[in-house]
Amino acid sequence: MLALKNIEIVQGDFRLTADIELQSDQTTAILGPSGGGKSTLLTALAGFVAHSGDIFWRGKSLKALAPADRPVSMLFQEHNLFPHLSITQNVGLGLRPDLKLSAAEKAKVETALNRVGLAGKGASLPRALSGGQRQRAALARALLRQKPIWLLDEPFAALGPGLRQEMLELVEEIRAEQGATLLLVTHAPEDAKRIASEVVFVEAGQAHPAQATGPFFAHPSSALRAYLGN
Amino acid sequence: MGACAEPVIRLTKPLGIAALFVVAVLVLAPVLALISRAESGGVSAAVWPAIRFTLLQASLSALISVALAVPLAKALARRAFFGRGLMVSLLGAPFLLPSIVAVLGLLAIWGRSGVFSDMLAVVGLGPLDIYGLEGVLLAHVFFNLPLATRMLLQGWQAVPSEHYRLAAQLDLAPRAKFALFDMPVLRGAAPSALLVIFMLCMSSFAVVLALGGGPKASTIELAIYQALRFEFDLASAAQLAIVQLVVGLSAAALAFHFGKATRFGGGLGAPFQNWDTRRGPKLLDGAVLVLAALFVGLPLLAILAKGLAGLGALPSGLWGAFTVSLGVAAASTLLALGLSLVLARLIETSRRGGAIELFTLLLLATSPFVIGTGLFIIINPFASPFALALPITALVNAALALPLMLRIIRPALSRVRQDYGRLAEGLGLSGWARFRLLTFPQIRPELGFATGLAAALSMGDLGVITLFAPPDVQTLPLLMYRLMGSYQMEAAAGVGLVLVASSFGLFYLFDKGGRGAGA
């Protein structure tokens, strides 16, 4: 279980509070209007933002851990790949941060690239790939890192509807194989309905407790109704 | 950032602090040495003319350069024409041109037997004589008009072209347009341009050495040179250096107060779409551009022409001087590169980064001559400063290049950190691996550009070397100066061309190398 206990983040005028518990081995959608604090919540989990309160993963506090030592892999909206490194190198960083890969590790990279549908693209630079393919490469790296928690910060927001759906399904498929715990930030309700078992609604600086996706949309709160616009 | 968010700093921090220590020693030790040697009591009467002339020529140089740069930058900003890119590149050339070579080119155009004197002789007018204040101003405007133009041009290009579109649509009167666009640009860029040029001219030695001189046109630095070199009067040299330091620091403090970001170089990209089709301003802009191109271009052409003619008269000491110059440039560039990399990193990560950056700018305010004189006094009791001419020159050149390199490298480091810092930290990319895999490939263009600048400037420098060099030691610029001093102008022109080719070649090599595998 991932527990956020009495989290408070203050950045200038902005203030975000969260006191929530999330089940592991499932997907939780973080839904809400832009500027509400969805991304801030994720960056706090990844260790990039100072906060009060504490975060527990399987009962252990994450507070003192550096970003690289936390049990999380994070995918951003952009800048997930280093533009001057090849796809193989970018993915290989997930295994060895100094890129001194053994033959066995290189084979693992190849397998991961196959899994996300990028077979044969290893030697390319990121700029030679489409936006969707770049995010697939970032996904391959997350796959190799074997971290139990995946944080996805609207990584498919820039893609067209068909491609976004395809990517979400791929992510969910691989997540289920790995038994990972996935937190997906999105402002699209249909993304949440498609792959999330629970939803955390974040608006006006507050993260509401997680609710099962079905009841969440079946009996919308007034804030949710205002957000959905009906 | 929380306690968990700081990146792992193992080796880089101690290295950065060591570099900071080196800079502190470079700034403070000479100053302390000067204070210990300078005679107490007031400034001697003989020094006043030098102080007056220094302030006069630096103020006039700054005023004239900026005043002329206003119409030129405006013309460049609002006209698109064939060769505009070339013109902007041409404006970059004087910054890299060794000053002693520039003097030769200027003399070929404006001197007693130069092009203009010949033309005046046809109508029976006497030859021009540019030695003294006129020559110093001419050379300083030649160097700094392009610099001022580039600084102002950046200001004008920062005005979004949509604003001009709106102004054209509303058919604003010229006065209104001036108040709306030009005044804010000038208020932002002109004070810092004036002060930067004032500071550069205050410590410009080679130009005054070649074109000034005599009691009427002697600067503080020239007086230091004479006191050390001819009278071996350490006490008055120290006193003069302190005067120079005080004036320099005052100008620097003013510059810091007025100047926001003053960037050198950088992208001067797409021209504005011009909506003003009236003929009067168009002709005026055209005239300004042609005159500016001639003013900057003719001396460059003269350097090339005279240099080619002088290649047959190259002196025997050329090869030796070339290798010495290259060695000094290599040593100073390596030192400056290493120092600026670790310092940039320290400034980036330290809480007191701003203060550290400000401190390194002190190097710019303490002129090379101040550092040189201080080092002379420190070394003198232990060893002959003349025997250490080359290492001292390399050290002082490195100190000069350091602030310039920092201004180029640090923003690049910031950018990498902003774009990829979190990704790298999330992946545990740190230390040497982070430098090798992320930082170096990303900042390579800036690194190449900065290294090229440092190498070219050191190659062409004729400054502290004149304080220390014994007769049998010479760099290329010193060889050229000595040839000019003995009126071997043809040989000097040949050496000048070799020197320009080496300076520009070094810059080209590093700049190109930096952009070679650009991401």
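1. Basis. The model is predicted, with local features needing pLDDT of at least 70 and side-chain atom pairs counting only at pLDDT 80 or more, whereas totals for chains, interfaces and linings use all residues. Residues are numbered from 1 along each chain as its sequence is written, chains are lettered from A and ligands numbered from 1 in the order in which they are written, and side-chain values use heavy atoms, without hydrogens and water.

2. Interface of chains A and B. Chain A contributes 28 residues and chain B 22 residues to the contact (heavy atoms within 4.5 Å). The buried area is about 2,100 Å², with 67% from carbon and sulfur atoms; this is the accessible area (1.4 Å probe) that two parts lose on being put together, summed over both. Phe48(A), Phe82(A) and His84(A) provide 29% of the area that chain A buries against chain B, more than any other three residues.

3. Domains of chain B. An automatic or database domain assignment divides chain B into domain 1 (1-37 + 317-519) and domain 2 (46-306). In chain B, 44 residues of domain 1 touch 38 residues of domain 2. About 3,600 Å² is buried between these two domains, 80% of it from carbon and sulfur atoms.

4. Salt bridges within chains. Over all chains the count is 18 salt bridges. In chain A, Asp98(A) pairs with Arg96(A) at 3.2 Å, N to O. In chain B, Arg410(B) and Glu348(B) form a salt bridge at 3.4 Å, N to O. Both Arg410(B) and Glu348(B) are buried (under 20% relative accessible area, 1.4 Å probe, protein chains only). A network of salt bridges links Glu348(B), Glu357(B), Arg410(B) and Arg417(B).

5. A pair in helix 20 of chain B. Arg515(B) and Asp511(B) form a salt bridge, with the closest N and O atoms 3.0 Å apart. The two residues lie 4 residues apart in helix 20 of chain B, so about one helical turn separates them (helices are DSSP runs of H or I, at least four residues, numbered from the N terminus). Asp511(B) is buried, at 11% relative accessibility.

Key: Salt bridge = Lys/Arg side-chain N within 4 Å of Asp/Glu carboxyl O. Buried < 20%, exposed > 50% of the residue type's maximum accessible area, 1.4 Å probe, protein only.
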